[in-house]
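Keep the viewer open as you read.

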Amino acid sequence: MVMRPRPIFESPASARPSLGRLLLIAYNFPPDQEIGALRWQKLARHAAERGWMVDVVTRDPAELESRDETRLADLPAGTRIYGVPFRPLLIERLEVAVWRSLRRHLRGRTRPAVTGGAASVTRHEISWRDPPLRHLLRANHVLLHYGAFHRWARHAAHLAVRLFEPGLHRAVISTGPPHMSHEAGRRVAHATGLPFIVDMRDPWSMAHRLDAQMASPLWFALAEHFQDRAVVQASLVVANTEPLRLALRDRYPEARERIITVMNGSDEEPVPPSQLGHRFVAAFAGDIYIDRDPRPLFRGAARAVSDLQLTPEQFAISLLGGVEQYAGEPVREIAREEGVDAFVSLLPRRPRRQALEFLAGAAMLVSLPQDSDMAIPGKIFEYAQFNAWLLALARRGSATELVLRGSGADVIDPEDVEGLAAIFKKRYQQFRDGVRPTAIGADGRFSRRTQAQRLLDAIHRCTDLPPLSTAPATPNAEHDAARAKSSTPRG
């Protein structure tokens, strides 16, 4: 008798008729608090409504630096989670030990100052013609990165194959980043014969920017190699924005009919009611990633504060999450340089419910700029649920600007300081005059349910199950049909 692994978490079983189970390879999944864990946390519930239960292979939660156990309570009945430890390669552990030893040895000695480089590098700045030493160091980091995640992918695939039950599991889904999850999914599909669904939450080989330590052409070469392997074998490739879908179709014309768009979306869960006080608060919740420069936000605010002669009791910018530094520089110091230090507050990460309450206290919710035009910050859809003005710093024609076009959100080019100041002044004056904002997603245009329906329909078509018209009905079947009729996503 084959002994299958035991889950580290299992929600109570459901008596609802089931179509079977989906095997999900997701490095980030609850109780992980990373924003990447939210997509399938929510999609799992929509899958359950359609009769699918999910077995999740993820990073061992015991290794997480921060956990949010409340996210587990949101998972539908029958969800099972299996953990796979992530271990750096031995050579990487030895390298870290050597550097620590050197630092201890050199501590207290006089050393020449080292000029720090950029925290990240854009694609067009990356070249094989880098100085040899820099190129070797960066290539080494790339090999260590891919090596460690490739090993995790092998172990995750091995566990998933052990879980596989013919006739019960109907498809394997991989979601990334980290995109080596797709290598795990590919291996599982090859070993089991299951349909393979690749869910790209962000660009992979088409990434616009890399961490400076791995800004080597070798990173893109490896990304293209593993991406090609995944797409060729995939029954379905899911892009989370329309620009990414179009780019993938251009690269893989033979797979164009297998590539669809399924955006993230706003959930139907209630958000805390607005808790606006007398002060106008512009809020951001999340992490300030390598391309999310807060300077444009601070500059526009500084101009508005100066023009309207505002005080910190009247106007504030509040940032919550991983917001202490940007590109190695303290955000507090950046705010001071831009003249808004007295108006800016920085708050540490909080559990999801507390973060939602934080957002409910803001008159304006802010999406910081990013230089990947094919990606939409996940916070956009969350913000759309709140009765707040939404300010997105994004270039025209980017995925963010396209999805918000016509929604009532304020979308401004990050370099347009005058335009940004004008938005701040307009919204502050409306707020002062008693006008209160309403949610831009109130009309359902950003519904995750609509996006989930599109994805689950496509997954169903990949299986050997009967057409949807003969599949078991769910309590939301009529609701789903009405949604599909009134709001069919592009793709």
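The largest cavity has a volume of about 90 Å³. A cavity here is a set of points, on a 1 Å grid over the protein atoms alone, where a 1.4 Å probe fits but cannot get out, and lining residues have an atom within 4 Å of a point. Grid points are joined across faces, edges and corners, and the volume is the space filled by probe spheres set on the points. Of the 15 residues that line the largest cavity, Gln370, Leu393, Ala394, Ser398 and Thr400 are the closest to its centre. Strand E17 (389–393) and helix H12 (399–404) are the elements that give two or more residues to this lining; helices (H or I, at least four residues) and strands (E, at least two) are DSSP runs, numbered from the N terminus. Sorted by class, the lining has eight nonpolar, five polar and two charged residues, where Ala, Val, Leu, Ile, Met, Phe, Trp, Tyr, Cys and Pro count as nonpolar, Asp, Glu, Lys and Arg as charged, and the others, Gly among them, as polar. In total there are two cavities of 30 Å³ or more.

A word on the ground rules: this is a predicted model, in which local features need pLDDT of at least 70 and side-chain atom pairs count only at pLDDT 80 or more, while totals for chains, interfaces and linings use all residues. Residues are numbered from 1 along each chain as its sequence is written, and side-chain values use heavy atoms, with hydrogens and water left out.

Now to the charges. Side chains of opposite charge can pair when their charged atoms come close. How many salt bridges does the structure hold? There are 41, each a side-chain nitrogen of Lys or Arg within 4 Å of a carboxyl oxygen of Asp or Glu. In one of them, glutamate 269 pairs with arginine 352, the closest N and O atoms being 2.8 Å apart. This pair links distant parts of the chain, 83 residues apart: glutamate 269 sits in the loop between strand E10 (259–261) and strand E11 (280–287), and arginine 352 in helix H10 (residues 352–360). Glutamate 269 is partly exposed at 25% relative accessibility, whereas arginine 352 is buried at 13%; buried means under 20% relative accessible area, exposed over 50%, and partly exposed in between (1.4 Å probe, protein chains only).

Arginine 349 forms a salt bridge with aspartate 287, with 3.1 Å between the closest N and O atoms. Here the partners are 62 residues apart, arginine 349 in the loop between strand E15 (344–347) and H10, aspartate 287 in strand E11. Aspartate 287 is buried, with a relative accessible area of 15%.

Aspartate 74 and arginine 45 form another salt bridge, their closest N and O atoms being 3.9 Å apart. Both belong to a network of salt bridges that links Lys42, Arg45, Asp74, Glu269, Arg352, Lys379 and Glu382.

Finally, look at the backbone. Most residues other than glycine have a negative phi, and most peptide bonds are trans. A cis peptide bond joins proline 30 and proline 31, with omega about 15 degrees, and the bond from proline 177 to proline 178 is also cis, with omega near -5 degrees. Phi is positive, near 55 degrees, at glutamine 309, an exposed residue with a relative accessible area of 62%. Alanine 327 likewise has a positive phi near 55 degrees and is partly exposed at 44%.

Terms used: On a 1 Å grid over the protein atoms alone, a cavity is a set of points where a 1.4 Å probe fits but cannot get out, and a pocket is an open set with protein on both sides within 12 Å along at least five of seven lines; lining residues have an atom within 4 Å of a point.
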